[in-house]
Amino acid sequence: MKILVAVKRAVDAKVKVRPLPDNSGVDLKLAKMAMNPFDEIAVEEAVELREAGKVDEVVAVTVGPLKSVDTLRVAMAIGADRSIHVKTDAVVEPLGVAKILKTIVEREQPDLILLGKQAIDDDANQTGQMLSALCDMPLGTFASEIDLVDGRWLVTRETDAGTQTVSLAAPAVVTADLRLAEPRYVTLPSMAKARKKPVETIELETLGLDVAPRLRVLSVEQPPARKAGVMVSSVDELIEKLKNEAHVI
Ligand code: AMP
């Protein structure tokens with residue numbers, strides 16, 4: 001059994017991003033970058049499945065510039081066995097990433113493809129869904145538990161109404177939600193070990209795919225500043241304000 005995990009280099013979750021002065025995008029020139037948090041959870045889960053003896057190999061894949069190799073190194077420090085870097089300096093939208101991942105899936109023939117539920121930079125929440133459609137594979141989104149039972153992936157999904165458990169034939173595409181796993185702390189020795197693990201580089205152009213952007217960003221703006229809050233001294237006062245000032249109850 002093999003798991004392919006897609007990891008994206010994104011702006012660090014703790015960085016407060018600001019729009020560029022011309023509102024054409026977000027200013028990331030000096031921003032700290034890191035692995036997308038949901039992808040870290042996906043890698044951790046894949047490694048835990050291998051440690052439990054259910055899976056033989058975990059392969060990390062990323063699409064991005066040279067610096068994205070740092071993200072692959074973190075995935076291998078968590079425990080991925082090897083990595084694939086699809087190298088490009090272009091901004092690739094979810095549909096483009098899904099097309100690229102499909103070619104990697106065809107080459108690697110994994111039994112499970114794990115992605116984050118969404119990237120915290122574009123908040124698209126699209127790549128996993130598009131990949132499953134392109135590969136014609138079963139899909140489990142927002143996973144909070146994954147198990148391998150009789151050769152099928154048993155996936156517990158977070159839904160608005162609670163949780164839902166689905167049994168997916170392998171190979172399947174699954175996207176990770178927050179509660180799926182708790183990423184381990186990456187130690188210096190594990191980073192040193194990760195440096196010795198193989199990273200295959202594929203130039204995006206050699207794949208012959210159309211990944212031209214379909215979207216045009218019209219404007220990126222700061223949300224309106226929130227008004228200062230009010231401290232109330234009792235529940236009665238809160239109810240009175242909600243009723244007569246905010247008119248929400
Ligand atoms: P998105 O659809 O952009 O919100 O991203 C959902 C998930 O797709 C991410 O959590 C990653 O697992 C994967 N993904 C998106 N972009 C990339 C990329 N450039 N390289 C590798 N994986 C990606």
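**Exercise 1.** Find how much space lies in the largest pocket, and which residues are closest to its centre.

*Solution.* Start with the volume: about 1,400 Å³ of space lies in the largest pocket. Next, look at the lining: it has 46 residues, and Lys-8, Val-91, Val-92, Asp-121 and Asp-122 are the closest to the centre. Lining residues have an atom within 4 Å of a point of the pocket, which is an open set on a 1 Å grid over the protein atoms alone where a 1.4 Å probe fits, with protein on both sides within 12 Å along at least five of seven lines. Volume here is the space filled by probe spheres set on the points.

Before going on, note that this is a predicted model, where local features need pLDDT of at least 70 and side-chain atom pairs pLDDT 80 or more, while totals for chains, interfaces and linings use all residues. Residues are numbered from 1 along each chain, and side-chain values use heavy atoms, without hydrogens and water.

**Exercise 2.** Work out where the ligand sits and which polar side chains reach its oxygen atoms.

*Solution.* Then check the polar contacts (pairs of N or O atoms within 3.5 Å). A polar side-chain atom of Asp-122 is 2.9 Å from a ligand oxygen, and for a side-chain N or O atom of Thr-127 the distance is 2.7 Å. Finally, consider cover: alone, the ligand exposes 490 Å² (Shrake-Rupley method, 1.4 Å probe), and the protein buries 98% of that.

Notes
A polar contact is a pair of N or O atoms within 3.5 Å; within protein, one must be able to donate a hydrogen and the other to accept it, and residues adjacent in sequence count only if both atoms are side-chain atoms. A molecule sits in a cavity or pocket if more than half of its atoms lie within 2 Å of its grid points.
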